[in-house]
Amino acid sequence: MTLETVLGRPLRVINLGLDAFALELQAAGVQVVHVDWSPPAGGDPRLAALLTRLDDDDSPGGDQER
Amino acid sequence: MNVKAANAEALRRLTAAEPVLIDCVPASEAFGLEPQTVLHAGPPIEWTAMSPPVQGAIVGALRYEGWAPSEAAAIDLAARGGLRFEPCHHRGAVGPMAGIVTGSMPVFVILNRAFGNRAYATINEGLGRVLRYGANDENVLARLAWLRDEVGPLLGRALRRKSLDLRPIMAQAVRMGDEMHQRNIAASALLARALFPSLAREANGPALTRFVDFLGDHDQFFLNLAMAAAKAALDPLVGIAGSTVVTTMARNGTEFGIRVAGCGGRWFTAPVNMPQGLYFPGFGPEDANPDMGDSAIVETVGLGGMAMATSPAVARFVGAGGLAEAIRITEEMREITLGEHPHFRIPTQDDRGTPVGIDVRRVVATGITPLINTGIAGRKIGVGQVGAGFVRAPLGCFTAALEALAADPA
């Protein structure tokens, strides 16, 4: 039984992050759109927190005036 | 002012710059460079930590100035603390490769007409065995003396007769295939055309012939002017509270340093990387010195490797592939920048502006670091240039700057 039989229609995939999954599916004839994404700062939670502090829209101490 | 507003102001100042070449005078006159003071490229560094080509260039400069009669005496003077070393950037100047500047060296004076600040750079000596790559033989010293005694005064007279707006020259050159770090052929030719009428009125005979021969044979003459123009454009950003825009990228052959608008003059450093690239015949990677020079100021303003798409010939020359790869590199640089330059436009990208305003946050978030085109210096004293290539700025500088900005987010 194939996935298409289960789903009842052709499989179409959006893949985020690791491209190995997209390549495997493509090799199997599946229609795939790959999005090149990785977590901010390579997944380092400390740096990600610093980035949040300096975010454009949420800057501590920012007066939000233009 | 929050980060968004601070960066908008930084981008406004950066793209509003109007660099004008107004003079050429000795460094001692231009910005009061004192005797026994030696400016160098990159962040602060002491003699013992300097790489051989930087030390070689200093030895040459000391002999050129007459502060030491021999190489041994020059090394002794430097090693026993008889000199004051200071980054070019601390004096409003920029120097390619070793970046050595001493008082009698003539420097171009660039006025940023939009903000009133000035920046300085020496006259480019040409390619091959030159001081900035650590060569210091008699030919190198004789050329420096000629630049001091004949070329500098001639250029000064010509520029005082008629100053030259650099932004239109640079904008045109970008359209003509110069990324303005490893390729300055168009900019040098355009500058020569603009300069000739004043030169011809200020000199004649052998003096004019010698300089015209030099200029006509020198594809990278404009590099130092592009650097000083970039410095003049970036300095008005220094001290914009909260801004995460990079104002300096520079290397001293040992460390890579950046400065960020919101942190004023503070340096954030990391060990410098080795360039990758192509080598002249007879040389290979084992002969190369680590990355060096203030010339990454060109990338800081959004040219050089950042604008690789405008210069596929350079992509091939530095070993980074052809047009498709050049476009991919510039597209990648757009991920770490805040905007596009309104005057510097890339024909191969439907006239989109060059990526400008490197944002420390985007560098850390993406892990993408600026790509810098560069010459490669020999790692031994006196060898000179051994190749050309590209190098990535180390991520550690940007992480350190982010930490400082987050600790004091204005």
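User: In what order do the strands of the four-strand open sheet in chain B come?

Analyst: Keep in mind that this is a predicted model. The pairing in this sheet is antiparallel. Its edge strands, each pairing on one side only, are β10 (268–271) and β12 (292–293) of chain B. Reading across, the order is β10-β9-β8-β12.

User: Which residue of β12(B) is the bridge partner of B:Arg251?

Analyst: Strand β8 of chain B covers residues 246–252. It pairs with β12(B) in the antiparallel sense, over two bridges. In β12(B), the partner of B:Arg251 is B:Gly293.

User: Which helix lies across β9 and β10 of chain B?

Analyst: This helix spans residues 395–407 of chain B and runs at about 35 degrees to β9(B). It's helix α14.

User: Why is one side of β11 and of β15 in chain B left without a neighbour in the sheet?

Analyst: These two belong to an open, antiparallel sheet of three strands, ordered β11-β16-β15. β11 (276–279) and β15 (371–377) stand at the edges, so one side of each has no neighbour there. What each has is a single partner strand.

User: Where does the largest nonpolar core lie relative to domain 1 and domain 2 of chain B?

Analyst: This core holds 139 residues, and B:Ala401 is one of those touching the most other members. Helix α9 (residues 223–234) of chain B gives the most to the core, with 10 residues. Domain 1 (18–228) and domain 2 (237–407) both give residues to this core, so it lies between them.

Note on methods
Residues are numbered from 1 along each chain as its sequence is written. Chains are lettered from A and ligands numbered from 1 in the order in which they are written. This is a predicted model: local features need pLDDT of at least 70, side-chain atom pairs count only at pLDDT 80 or more; totals for chains, interfaces and linings use all residues. Two strands pair if DSSP finds at least two bridges between them. A nonpolar core is a set of buried Ala, Val, Leu, Ile, Met, Phe, Trp, Tyr and Cys residues joined through C-beta atoms within 7 Å. A residue is buried if 20 or more other C-beta atoms lie within 10 Å of its own, exposed if 12 or fewer, and partly exposed in between; C-beta atoms are placed from the backbone. Domain bounds come from an automatic or database domain assignment. Two residues are in contact if their C-beta atoms, placed from the backbone, lie within 7 Å. Axes are lines fitted to C-alpha atoms, for helices over the stretch in contact, and angles run from 0 to 180 degrees between N-to-C directions.
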